[in-house]
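Subject: Structure handover

Hello,

Please find the structure below, with the sequence. My notes on it follow.

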Amino acid sequence: MSKLQFLRNLAALVSLTVASCGKKETGAVVVLTGSSTIAPVISDVAKRYEAANPGVRIEVQSGGSSRGIADALSGTADLGMASRALSADEAAKLTAHRIAADGVCVVVHRDNPVSELSREQLISIYTKKATNWKDFGGPDATIVVANKAEGRSTLEVFLHYLGLDNADVKADVVVGENLHVINSVVANPNTIGYVSIGTAASEAKGGTPIKLVSTGGVAATTENVANGTFPITRPLNIVEDALTSPAAKAFLDHLTSPAINDIIQKHFFVPVN
Amino acid sequence: MGLLALVAGGMVLLIIGYLLTNAWPAIQAGRLGGFFTDTKWQPGSQRDPRFGVVSMLTASFLVTFLAVALALPVGLACAIFHRFYAPPVLERWNRRMLELLIGVPAVVFGFWGLMVVVPLLIRLAPGTPGQSLLAGSIVLGFMILPIITLTSQAALQAVPAAQLQAAAGLGMGRARTIWCVVLPAAKGGIGTGVLLALARAIGETMAVVLVCGNIPQIPKSLFDPVRPITSTIALEMGYATASHKALLFCAGLILVLCTALLVGWISFRRADSDPGTGGA
C-alpha cells in the first residue's frame, strides 16, 4: 500500500469515527446492566425497540443481579436487571418491576434414570450425606455435585429453597454460567446441577442430552412456573431509582407491557404482564 | 514514537495503581492476615465468611508448573525434530500449524477441554468429577506448547554452525551432537521460552475456569478439582461487593507480582546469558 493510499484510508477512518460519535450524541441512550439471565431477553427487546424508535439506543451489559442493583443505585446504569426479589434496604431505595418469572430446576444427564428428587433428597445430595446415585434409583456411581459460583442469583434461589448456607454445600465442581453447568452434565453423566428452567428447556429441546428433574412432585416446566406450582422460582425484575430519565421510563413502560411477551416466551421464561 | 512506547509501559503502572487503590480497603482493614492463614474461601457464606487465598495460590502454581512439565518434553522434541530431522516442507507446515494454535481463543481451548479431555479423564479415573488439576494442566499445556516449541526452535537455530561442524569433525553422530553440543548451548534460550510460557500460563483464565472444577482446596491427587486465582476473579468479580471485591483485587495484585517476578527473572537471565546462545 502506498503512503498516499494509507493516508487516504486513515482519513476515511477518522471521518467515519467522528461521524459515528456525532450520531451517538444526538439520540437518547438507555443503559441497562445486571442479571445474565435477563440480559439476552432485553437485548432482543432492544433490537425491536430501537428499530421502532429511531434515535434511541439501548445498551445492555450483563454482570449479575447484584451489579444491576448497585449500578441502578449509583446511577452507572439507567435501569438494573435483577433476577431476584429486592432485599428490604434495597427496596427502600429502588422500585422493582416484574417483567417475567423464571424457575430454577435440577438437571441430570438424559441417560440417568432418576427423574424426580424431593427437597430432602436434594439437601442430602448437596451436603454429601448421600453420595451414590443408586440410593435414588440410579446407577451405582458416585454423584458429582455441581454448584454455582458465589453471587449468582440461581445459587441464591436454589439454596434459599433448600434452606442451606453456601458453606454447608459440599460441591465437586463450581461453575459460573448456566451453559457451563449443562456442559458439565454432558461431559460427566454422573453430574447433578441446577440452572434456570428457561436455559434447560431450550437446551433439552435443542437435543442436548440433559433431563429436567421434577422437584416437590411438580414437573419442571414453564407452565408450572407460570401457574405458581413449581417450588423453585424467582422473578425477573427491572429496577429503577427515583432519577430515571424520560427515555428510560418509556423503555421501562414497554418492558412491562404485554408487547414483549412473545420474546419472553421465546427465551422460555414465563410472561406475567 | 517514544510517547507511544511510554504509553504502553505506563499502562502497566496504571493497572497496578488501579489494583492497589481497589485492594487498599482490604489491606487497610488488616484482612491480609486471614488471606494467607485461613484455609477456606467462602466469601458468600452468611454464617461464616472466610477469605483464605493459599489454596488458590497453590492451585495457580500447580496448574502452571504441571502444564510446563507436560509441554516442555513435547515442545522440545518438536523443536529438535523441526531443526534437525524434518524435511523442510513438513517443518514449514507443522510450524504454521503451531503458529495457528497460538491464535485459537482460550474459550475454545476450554470448551474442547471440557468436552474431550474431561470425559477421557473420567474414563481413566471413574468416580472423579473429571474437571481437575490434570485437566487444567493438559489444556494449558496445549496452549503454551507453541510458545515453548517456537522459542526453543529459535534457540536451536542460534547455535553457531561452527560448533556443529566441529562436532561432525570429531565424528559425533547427529543424536550425540544434539544431546552434547546443541542442547547445552541453547539452554539459555530454551529457559527463556519456558519462563515466557510460565508467565503466559499463570495468567490464563478462560480455559482453566472451564476445566479445573473450581473447588478452592489443596489437591490430594491429580484428579482433584482446584481453583486457580484467575478462575476466582473471573467467577466472582462481576458479582462481588465491598470487602469481597477488595480481596479479589488483592488476589489479582498477588498474581501481577508473581508475573513481575517471572518477567524480572527473564530479563535477568537475558542480561546474564551469552549473547551468542541467547536465542529468543
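A:Arg84 and A:Glu156 form a salt bridge, in which the closest N and O atoms are 3.4 Å apart. The two partners come from distant parts of the chain, 72 residues apart. A:Arg84 lies in the loop between β3 (79–82) and α4 (88–93) of chain A, while A:Glu156 belongs to helix α6 of chain A. Over all chains, a search of the whole structure gives 18 salt bridges. Please keep in mind that this is a predicted model.

Helix α5 (residues 119–126) of chain A meets helix α6 (residues 153–162) of chain A at an angle of about 115°, and their axes are 9 Å apart. Angles of 65 to 115 degrees count as roughly perpendicular, and α5(A) and α6(A) are therefore roughly perpendicular to each other. On the α5(A) side the contact is made by A:Arg119, A:Leu122, A:Ile123 and A:Tyr126. From α6(A) come A:Phe158, A:Tyr161 and A:Leu162. By class, the residues of this contact are six nonpolar, no polar and one charged.

Elsewhere in chain A, A:His267 sits in the loop between α11 (261–266) and β11 (270–271). Apart from its neighbours within four places in sequence, A:His267 is in contact with A:Pro40, A:Val41, A:Asp44 and A:Gly198. The C-alpha atom of A:His267 is separated by 12 Å from that of A:Lys205, and these two residues are 62 residues apart along the chain.

Now to chain B. Chain B contains eleven helices and two strands. Along the sequence the order is α-α-β-β-α-α-α-α-α-α-α-α-α. Taken along the principal axes, the C-alpha atoms of chain B fill a box of roughly 75 × 55 × 30 Å.

Last, the interface of the two chains. Chain B contributes 29 residues to the contact and chain A contributes 27 residues. Between them the chains bury about 2100 Å², with 57% of it on carbon and sulfur atoms. In chain B, the residues that lose the most area to chain A are B:Pro129, B:Leu235 and B:Tyr239, which together account for 28% of what that side buries.

What kinds of polar pairing cross this interface? The rule finds zero salt bridges between chain B and chain A, but it does find seven residue pairs in polar contact, with both residues at pLDDT 80 or more.

Three helices of chain B, α5 (106–124), α9 (206–211) and α10 (229–236), each supply at least two residues of the side that touches chain A. Of the elements on that side, α5(B) gives the most, with six residues. The chain B side divides into 15 nonpolar, eleven polar and three charged residues.

Regards

Methods. Residues are numbered from 1 along each chain as its sequence is written. Chains are lettered from A and ligands numbered from 1 in the order in which they are written. This is a predicted model: local features need pLDDT of at least 70, side-chain atom pairs count only at pLDDT 80 or more; totals for chains, interfaces and linings use all residues. Side-chain values use heavy atoms; hydrogens and water are left out. Contact means heavy atoms within 4.5 Å. Buried area is the accessible area (1.4 Å probe) that two parts lose on being put together, summed over both. A salt bridge is a side-chain nitrogen of Lys or Arg within 4 Å of a carboxyl oxygen of Asp or Glu. A polar contact is a pair of N or O atoms within 3.5 Å; within protein, one must be able to donate a hydrogen and the other to accept it, and residues adjacent in sequence count only if both atoms are side-chain atoms. Helices (H or I, at least four residues) and strands (E, at least two) are DSSP runs, numbered from the N terminus. Ala, Val, Leu, Ile, Met, Phe, Trp, Tyr, Cys and Pro count as nonpolar, Asp, Glu, Lys and Arg as charged, and the others, Gly among them, as polar. Axes are lines fitted to C-alpha atoms, for helices over the stretch in contact, and angles run from 0 to 180 degrees between N-to-C directions. Angles under 35 degrees count as roughly parallel, over 145 as roughly antiparallel, 65 to 115 as roughly perpendicular and the rest as oblique.
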